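Dear colleague,

Please find the structure below, together with its sequence. My notes on what was found follow it.

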Amino acid sequence: MEQLPRIAPAVPPDELLRVLVADDEESMLEVFGKVLRVPYEPTPPARARLDPHSTSPRGLVTPSFDMVFCRQGDEAIEAIRSGLDEDRPFAIAFLDVIMPPGPDGIRTAEQIRALDRNVEFVIMTGAADIGPAQVGRRVRPPEKLLFVQKPLHGAEIRQFAMALGAKWWTERLLERTLRGLEAQVAEKTAELSKLNEELRADRDLLRAALERRRELEFIVNKSGALVFLWRAAEGWPVEFVSENVNQFGYTTADFASGNLRYLDIIHPDDRDSVMGEVARYEKEGRAEFSQQYRIVNATGDVRWLGSSILVRRDSNGNITHYQGLASDITEKMIRQSLLAQRQKLEAIGQLAAGIAHEINTPTQYVGDNTRFLQDSFAGLNRLLSKHEKLRQAARCGAVDPALLDEIDRAVVATEVDYLVEEIPKAIEQSLEGIGRITRIVRAMKEFSHPGAEEKVPINLNNAIETTLTVAHNQLKYVADVVTDFDPALPPVPCHPNEINQVVLNLLINAGDAIAASIGDRPGRKGKITVRTSCFDDCAEIRIADTGTGIPDKIRSRVFEPFFTTKEVGKGTGQGLALSHTIVVEKHGGTISFDTEPGKGTTFIVRLPLAGDTP
């Protein structure tokens, strides 16, 4: 047979791909060990590494595998957890469906997925009554799941391991690449901030250092950042703009001719808010500030700009120019939007079971009361038919005493007095249950609504009540929630769905902190207090808990992306970071906290009532 040419391995030869095989049949574990060239040793779990230069019989270079064999689902789950703790995660998990007496393979996969979102699953079964649709509904996401029927051939096992291992490795490489790019962006941003400080020099000094200016222009043009200088006049005429304005389809000549002013390229829907914010900053006497807004490029496409602006004044203190440094943050805004939506979906998923329980309880007693009314009506209907006979007899003038006795017995059998007392209660309870279901459904609808791009004035108290309804079931077991809303709080301009997300993040954090302080002491509950009020020109939200508090050593990292003190699988470190972005960057507000270890934490959110932030 013709030998295939050697090819470069999909995974670097000095890297080990960890593979977990869980099957209660020892023969299957031996097959995997032989096929993937790992000697099978039932106790302790076998781990081996292939020679990176060895080849398969057909001449293909295969990756090196670090194999772990398990006989039960519980062992597999613990192996995954240990791997994560050791920073040696598994790439692939081959799981048999039936592994008595412990959890089956599907349940094992669900628990593993809660620990590790990256592991690739191959679910194996010889049972004819288990299909891919059944497994796919429980083990998510579908792109990280293969469902195969036993028996498996050696070639299949090898192909699965090589393909899924290459896929897993590529995804990890992409993650590292993205982190590296983000670090480069941060470094470049720092460089541009430093450049912006240099550009604050006096205009006369800049003219005197023309050669230096040319050097700086060259650096700016190569960096991708947009540097501009406009006059504080109608429409903001541009006196200088860096040549890389051509990334938006414009040229420096478009602005130099006076036919195009800086305000002209700002999106029409953002112009009023941008000018209003500039006016507010001028009134406050700020020397510099930051803005985020949309522009329309020469082809009509919309892009987001993030800019740092320096206010320049003459000797009398009058504003003459604005000098700024801007960069295209469209991709960042898209990532933030996707991250916010993903976290909202994750939060809804975490709360779904509790919400279902909240709806199920009133549904049950509405159903019970409805069946009671149905049975009661049947008895009353029989009694009414007998009264109809009595009415007819009375009309004829001959009432048989036996008929009266029959009616008396029917009244006793029907328990009329009991029904007269209980039916109104059943109706009242049913209406209360329907009202409760309606409130929960309305709260979920409002919470999950995507919202509009523009800010709208909302009743902040009602918005918080909606979020409390959504989170009620998750909080009620660990804390009593107390509200103290300011009834005179004016409408607050904001993005409602984003503010709901901030409140939900803070409530869940508060519940987790209280749960940590309570520990394994059943029957004990903490307290969460939610207050609203006016503070200067802002609406203030305070969410206080009686939890563990925040230690001194981590207080500076609370709003840092991906930072979390929770165990693996219980926290992404994105909740507070995302909340900070929403409050500070998107709403021009502030978010801070007061804390005392062992006594609790109060998070304080302040949102401007003016609503000038775009």
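What covers the buried residues of H10? Please bear in mind that the model is predicted. The cover includes two strands, S8 (288-296) and S10 (319-328).

The helix itself, H10, runs over residues 268-284. Its 17 residues reach 25 Å from the first C-alpha to the last, close to the 24 Å expected at 1.5 Å a residue. The buried residues in H10 are Asp270, Ser273, Val274, Glu277, Val278, Arg280 and Tyr281. Seen down the axis of H10, these buried residues fall within an arc of 160 degrees, so they line one face of the helix. Asp272 and Lys283, on the other side of H10, are exposed.

A polar atom of the Ser273 side chain lies 2.9 Å from the backbone oxygen of Asp270. After H10 comes Gly285, with a positive phi near 80 degrees.

A second topic is a pair of helices. Two packed helices are described by the angle between their axes and the distance between the axes. For H15 (residues 496-518) and H16 (residues 575-586), the axes come within 9 Å and cross at roughly 145 degrees. This crossing of H15 and H16 is left-handed. On the H15 side, the residues that meet H16 include Val502 and Leu506; among those that H16 contributes are Leu576, Ile582 and Val583.

Yours sincerely

Definitions and conventions. Residues are numbered from 1 along each chain as its sequence is written. This is a predicted model: local features need pLDDT of at least 70, side-chain atom pairs count only at pLDDT 80 or more; totals for chains, interfaces and linings use all residues. Side-chain values use heavy atoms; hydrogens and water are left out. Helices (H or I, at least four residues) and strands (E, at least two) are DSSP runs, numbered from the N terminus. A polar contact is a pair of N or O atoms within 3.5 Å; within protein, one must be able to donate a hydrogen and the other to accept it, and residues adjacent in sequence count only if both atoms are side-chain atoms. The expected span of a helix is 1.5 Å times one less than its number of residues. Buried means under 20% relative accessible area, exposed over 50%, partly exposed in between (1.4 Å probe, protein chains only). The arc is that of the directions from the helix axis to the C-beta atoms. Contact means heavy atoms within 4.5 Å. Axes are lines fitted to C-alpha atoms, for helices over the stretch in contact, and angles run from 0 to 180 degrees between N-to-C directions. A crossing is left-handed if the near helix is turned anticlockwise from the far one by less than a right angle, and right-handed if clockwise.
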